[in-house]
Amino acid sequence: MINKYFLRQCFVASGFILHSFSVSIYLAFPSILISTLLSSNAKDFRITPDEASWLASCNTITGLIGLFTLPPIMQKYGRKVINIGTAVIQLMGWLLYIFTNSVAALYVARLTHGLCLGSVYLHCVIASEYSDPKRRGYLIAIKKMMGAVGVLTCHALSLSCTWKQVAIFAIFPCIIIIINGLYWPESPSYLAMKGKFEECKYSFYWLHGKSMEKQNELKILMAAQTETMLKNKRKKSNIIIEILYSFRDKIFLKSFILTTLLILAIDVSGRFYLLTYVIQIIREIVSDEVTAGYCTIAVDLLTILASFTSIFLIHKLKRRTVLFSSGIFSGTLMLILSLILFLKQQYQLDSYSSVRWSSICIVILLNFVLYVGLIPVSYNISGEIFPVEYRGIGPSVSGLSFMTFYFITMKYTPAIIDGTGLHGMYLIYGLCLLLCILVLYFILPETKDRTLQDIEDEMKGVNRTAMEVKPMLDGTMEECAK
């Protein structure tokens with residue numbers, strides 16, 4: 001008989017998994033939009049290369065607004081509000097794309113979508129809070145796999161549909177997410193943080209059941225949050241002072257450094273710039289538009305296979321093992337690819353098909369390795385590492401790093417390719433990736449199969465047991481009620 005609590009978690013998970021599918025269509029959409037509007041055969045209107053680079057990166061402007069408004073909203077009003085609200089924003093953006101008839105209107109649509117750009121990381125936090133520790137790894141891995149499916153869907157639709165027709169298709173996942181989110185319970189972690197302990201118990205038991213193990217887990221969660229409530233009750237400050245004060249906390253600072261390094265590793269590996277410029281990058285290698293289109297589909301198909309494989313790897317292996325092995329291998333492949341492309345350019349090897357296809361195979365293999373390990377496990381850890389009290393401020397501040405790296409890679413990758421060649425781009429990004437992996441090796445804790453509270457306690461140097469927290473819980477709840 002299927003566990004009903006597993007089914008309930010799957011129901012909630014379907015919302016953030018579909019959100020990943022929807023966001024990936026949005027992230028891949030510029031690749032077909034820009035390539036179409038840069039073409040001399042564009043039917044609607046044409047754009048310049050400079051307009052194209054701004055179109056790819058301008059969403060970071062409103063992304064910053066979203067990063068500093070969505071996390072506080074999530075902390076104040078809950079996880080359901082953010083899940084539904086970001087879906088509504090995406091829906092509005094797609095409607096603007098459908099009815100646009102000018103470059104200026106495209107910027108407005110792109111800027112609208114940018115408001116929920118930071119929700120990529122917020123939904124990792126949401127997924128971590130709703131999932132059982134033993135299921136959290138593969139549920140988030142499935143979330144990333146659906147992201148790969150979204151990219152493939154976008155690129156596949158572009159072979160037979162116009163970019164406006166793709167925008168029409170993208171509306172439907174947003175509608176489903178909104179309907180699904182209306183039936184979610186609120187996150188137990190959020191309810192405990194707000195001191196709504198009866199509602200927290202109901203939500204926790206609805207999601208996880210009432211086994212002895214889960215009751216102990218709930219006691220530890222509630223005890224930790226009552227301590228945090230008492231600390232915050234004595235500390236009155238505005239949001240700016242709170243952010244500055246947070247950087248004095250070693251736990252927050254360590255979490256921020258960890259997530260910043262993970263974000264940088266994700267960005268330089270090609271998670272975002274490859275989505276937008278994949279057709280142009282492959283076209284430069286093979287020197288053929290049609291071949292580049294089909295190679296892009298091959299990349300997307302293998303990305304789905306890689307994401308599917310990552311579900312089992314993340315479920316079986318430790319986070320650190322997956323991250324470091326895939327990260328080192330990916331960085332090495334980027335350096336090898338850089339060398340091959342340099343030799344190809346230096347010695348005029350364009351006429352040798354073996355050189356072209358070996359380069360394409362390395363690009364495909366690199367993408368496969370990234371989506372097997374580095375990218376999904378980095379998102380996993382990013383959603384697990386911040387303490388509950390900082391899950392409003394944390395994503396905002398680390399999101400600033402995300403927006404900075406995202407803007408640099410999206411805006412300046414074409415300029416880097418023009419200035420240093422494709423080999424120079426892979427050399428720079430490959431060295432950055434290996435440097436991130438080296439630093440993370442010395443400071444990243446293991447998080448596999450551990451509750452979020454357990455991870456938080458280890459970073460704080462606290463050792464709790466359910467027997468120890470019971471008397472403390474009774475006392476702190478009384479003090480909070482005063």
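## Helix packing, buried residues and cysteines

In helix 1, Leu33, Ile34 and Leu38 meet Pro49, Ala52, Leu55 and Ala56 of helix 2. The residues of this contact comprise 7 nonpolar, no polar and no charged. The model described here is predicted.

Two packed helices are described by the angle between their axes and the distance between the axes. For helix 1 (residues 4–38) and helix 2 (residues 49–57), the packing angle is about 165°, and the axes lie 10 Å apart. Angles over 145 degrees count as roughly antiparallel, and helix 1 and helix 2 are therefore roughly antiparallel to each other. The crossing in which helix 1 passes helix 2 is right-handed.

Isoleucine 34 is placed in helix 1 and belongs to the residues that meet helix 2. Its relative accessible area is 2%, so isoleucine 34 is buried. Apart from neighbours within four places in sequence, isoleucine 34 is in contact with Ala52, Leu55 and Ala56, and also with Ile47, Thr276 and Gln280. Histidine 19 stands 15 residues from isoleucine 34 along the chain, and the C-alpha atoms of the two are separated by 24 Å.

Glutamate 217 is located in helix 11 (residues 212–234). With a relative accessibility of 17%, glutamate 217 counts as buried, the cut-off for this class being under 20%. When neighbours within four places in sequence are left aside, the contacts of glutamate 217 are with Pro133, Phe204 and Thr451.

A disulfide is a covalent bond between the sulfur atoms of two cysteines. The structure holds 0 disulfides. Cysteine 174 is in no disulfide, and the nearest cysteine sulfur, that of cysteine 116, is 8.3 Å away. For cysteine 295, the closest cysteine sulfur is in cysteine 361, at 8.8 Å, which is too far for a bond, because a disulfide requires sulfur atoms within 2.5 Å. Cysteine 174 counts as buried at 0% relative accessibility, and cysteine 295 counts as buried at 7%.

| Residue | Relative accessibility | Class |
|---|---|---|
| Isoleucine 34 | 2% | buried |
| Cysteine 174 | 0% | buried |
| Glutamate 217 | 17% | buried |
| Cysteine 295 | 7% | buried |

Methods. Residues are numbered from 1 along each chain as its sequence is written. This is a predicted model: local features need pLDDT of at least 70, side-chain atom pairs count only at pLDDT 80 or more; totals for chains, interfaces and linings use all residues. Side-chain values use heavy atoms; hydrogens and water are left out. Axes are lines fitted to C-alpha atoms, for helices over the stretch in contact, and angles run from 0 to 180 degrees between N-to-C directions. Helices (H or I, at least four residues) and strands (E, at least two) are DSSP runs, numbered from the N terminus. Angles under 35 degrees count as roughly parallel, over 145 as roughly antiparallel, 65 to 115 as roughly perpendicular and the rest as oblique. A crossing is left-handed if the near helix is turned anticlockwise from the far one by less than a right angle, and right-handed if clockwise. Contact means heavy atoms within 4.5 Å. Ala, Val, Leu, Ile, Met, Phe, Trp, Tyr, Cys and Pro count as nonpolar, Asp, Glu, Lys and Arg as charged, and the others, Gly among them, as polar. Buried means under 20% relative accessible area, exposed over 50%, partly exposed in between (1.4 Å probe, protein chains only).
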